[in-house]
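I opened this entry to record what I looked up in one structure.

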Amino acid sequence: MASISLKGLHKAYGDAAPVIRDVNLEIGSNEFCVFLGPSGCGKSTLLRMIAGLEDVTGGEVRIGERLVNDVPSAERGVAMVFQSYALFPHMTVFENMAFGLKLAKTPKQEIVRKVHEAARILQLDALLDRRPKALSGGQRQRVAIGRAIVREPGVFLFDEPLSNLDATLRGQTRIEIARLHRQFAKASVVYVTHDQIEAMTLADKIVLLHAGKDTERYGSIAQIGAPLELYYRPASRFVAGFIGSPRMNFLPASIASIDADGVSAVIDGTGETVRLAVDGSSLVPSQPVTVGVRPEHLTLRGGGDENAASSLALTREVVLTERLGEQTYVHLDASDGRTLIAKVAGDARVERGARMSFGAPASACHLFGDDGFAIAPLQSIEHYA
């Protein structure tokens, strides 16, 4: 088993702006950590620096207690699974899985035992004599995973391993990877993806990375936390807009009043008010802010008292409905060229052109300052831990 420690990590190519800036991160010896972020944020570069496939411009990479900045990749005790599988086409499944063990001069009997055990776990027993061209995409990915497993490394590194698979195979292989992590619980896993579903369902810890100018201003890491922590308590508008599908609704507003129990804000252009249980000590009246609410937290108001506790109440014209079966996405006119989205039950009665009212409870409303960072809630929520 091996933990991973990154301190002040920095990566730049020549005189260009750094790809990775000021990364400080601790990954536990049995933790499943996912690097998540938009294209170009440097998540694969960060993974490759841990693997030893990219040089470090500045800072430290430690695996266990060992500083590995100048240690060759083959000597770091890590195994990497690539997006493209990277299988040898002229070798059988058995030979591909055994290749690393042969290079390490592992005894032949031990190689056979380890390969057959990994093949059993991955349900590849009947495929050991086939070559990669005779396998499906999902089978090839399992072979690549098996090649990593047989080495029994302290660290598994996955670089977008499911991106070449269709939706059904992605779901099946995602479940397989989660099961394997439980089976090999002593190993650290670092997994790169741009897919929120993979991140939310697999991770013990998500590291969400900035991209572009945000990296230059704030550093590479936008937020680190458990999946539901990023969902329920995003640290900034960037995090709130990236986590969740459809993305969070943002409503420009201004502060109306501040007291010990929170703040009241007025939505720009409509005069609608919202009450938020947040710490207003850093705010002043009339200050521009942004109110955030997720589509799934906007519920239809039926005219009774079922929404009496709503902190936010909106009335808008329905401009589009997307019926997905179990759910319906309702697009609402925001009067400024944008639309708000509410996620309601699939059988909800909504019609294009109708004016409808939606409410959201105080616990589901977020407030962001004019710098883009979240205003802290007065009470913590523990259920996401």
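My entries on the chain and its largest pocket follow.

I worked from a predicted model, where local features need pLDDT of at least 70, side-chain atom pairs count only at pLDDT 80 or more, and totals for chains, interfaces and linings use all residues. Residues are numbered from 1 along each chain as its sequence is written, and side-chain values use heavy atoms, with hydrogens and water left out.

**Overall build.** I found nine helices and 20 strands in the protein chain; these are DSSP runs numbered from the N terminus, helices being H or I of at least four residues and strands E of at least two. Along the principal axes, the C-alpha atoms fill a box of roughly 75 × 45 × 35 Å.

**Burial and contacts.** I noted that 50% of the 385 residues count as buried, meaning under 20% relative accessible area with a 1.4 Å probe, protein chains only. Of contacts between residues at least 6 apart in sequence, 65% join residues at least 24 apart; a contact means heavy atoms within 4.5 Å.

**Largest pocket.** I looked up its space, which is about 510 Å³. A pocket here is an open set of points on a 1 Å grid over the protein atoms alone where a 1.4 Å probe fits, with protein on both sides within 12 Å along at least five of seven lines; lining residues have an atom within 4 Å of a point. The lining has 19 residues, and Val78, Met80, Gly100, Arg147 and Arg151 lie nearest the centre. Strand 6 (78–81), helix 2 (93–103) and helix 4 (137–149) each give two or more residues to this lining. Helix 2 supplies the largest share, four residues.

Methods. Points joined across faces, edges and corners; volume = space filled by probe spheres on them.
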